[in-house]
Amino acid sequence: MLLRRVYQFFIIFCLGLGILLLIKYIFNLSDYVIPGLADIWQVFASEYKRYFFDVINTLSVAVIGQIASICLALFVGIIGRQATWFGSFVKVAAYNIQAYPIVAIAPIIFILLGDGFISRLLIAAMICYFPLLLTIIGIMSEPIYDIEHFYRVTGKMRWQLEVKIRAFENMSKLTTVISGSATLAMAGTIVAEFIAANAGIGYSIRIALYQSDLSKVLAALFLIGVTLSVYQGFLEWTGGLIKNKWTGV
């Protein structure tokens, strides 16, 4: 699973790089516009250590933001699963609020909180929160009649058991959406760093853009892709492990 994620990324990155080089040679563009393969490799060899630690810095913020989003989405999703007026209100509010582009709020967050850790964390959490919330509300609101009927008839149904049954039956969906939200959390953090932060790989990409250095941007994108692929592979492996533990396999 982990290897599949990584080699899929390698294929996509190599295809993208190949198209870029093809454009360079077809239109005879200078190395200043699109650098050659040797230049890209030289920059990567000289910058990979610094960029690697920048990516780890960004990933650490993204992971914390994602964990906060998962906890909040689970909390709201469990409340919103109820077929009551309050449950319906929570669902409608979630659907309406998620329609607003969160990135548009980012400058306001930076004005109010500055360009430190909290701003990056808040934007990362907000960007991956709503997709998580909508999926979790959908899963928690959908009864598993065949299984839940027995516990309701015997009077053993509790809300904890109901949540556990629905989570278990939809573990594949939950794993997929949590793995997908990792991309959103990472993207949110990079956007935050790109706008006004003073650390992380987004900040380094912004500096590379000011220098019009495409080689540095490509080196940063490569390290972001590899790191994110490993993290998503880890999340999918963890999801499979939890499901196996619940089933006693």
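**View 1. Eleven residues line the second largest pocket of this predicted model: F10, F13, C14, L17, L37, I40, W41, F44, L218, A219 and F222.** Helices α1, α2 and α10 each contribute at least two residues to the lining. By class, the lining has eleven nonpolar residues, with no polar and no charged ones.

**View 2. One aromatic cluster brings together F9, F10, F13, W41, F44, Y48 and F222.** The structure as a whole contains eleven aromatic pairs. In one of them, F9 and F222 make a tilted pair, with 6.0 Å from centre to centre and 45° between the planes. This pair joins distant parts of the chain: F9 sits in helix α1 (residues 2–26) and F222 in helix α10 (residues 214–247), 213 residues apart.

**View 3. F222 also pairs with F13, and here the rings meet edge-to-face.** Their centres are 5.2 Å apart and their planes stand at 65°. F13 belongs to helix α1 and F222 to helix α10, so the pair ties together parts 209 residues apart in sequence. Are these two residues buried or exposed? Both F13 and F222 are buried, and F222 has a relative accessible area of 18%.

**View 4. The largest pocket has a volume of about 370 Å³.** Of its 16 lining residues, I70, M171, L174, I178 and I242 are the closest to the centre. Helices α2 (37–80), α7 (159–169), α8 (171–196) and α10 each supply at least two lining residues. The largest share, six residues, comes from α10. Sorted by class, the lining has eleven nonpolar, four polar and one charged residues.

Definitions and conventions: Residues are numbered from 1 along each chain as its sequence is written. This is a predicted model: local features need pLDDT of at least 70, side-chain atom pairs count only at pLDDT 80 or more; totals for chains, interfaces and linings use all residues. Side-chain values use heavy atoms; hydrogens and water are left out. Rings of Phe, Tyr and Trp (its six-membered ring) pair if their centres lie within 6.5 Å; planes under 30 degrees apart count as stacked, over 60 as edge-to-face and the rest as tilted. Helices (H or I, at least four residues) and strands (E, at least two) are DSSP runs, numbered from the N terminus. Buried means under 20% relative accessible area, exposed over 50%, partly exposed in between (1.4 Å probe, protein chains only). On a 1 Å grid over the protein atoms alone, a cavity is a set of points where a 1.4 Å probe fits but cannot get out, and a pocket is an open set with protein on both sides within 12 Å along at least five of seven lines; lining residues have an atom within 4 Å of a point. Grid points are joined across faces, edges and corners, and a volume is the space filled by probe spheres set on the points. Ala, Val, Leu, Ile, Met, Phe, Trp, Tyr, Cys and Pro count as nonpolar, Asp, Glu, Lys and Arg as charged, and the others, Gly among them, as polar.
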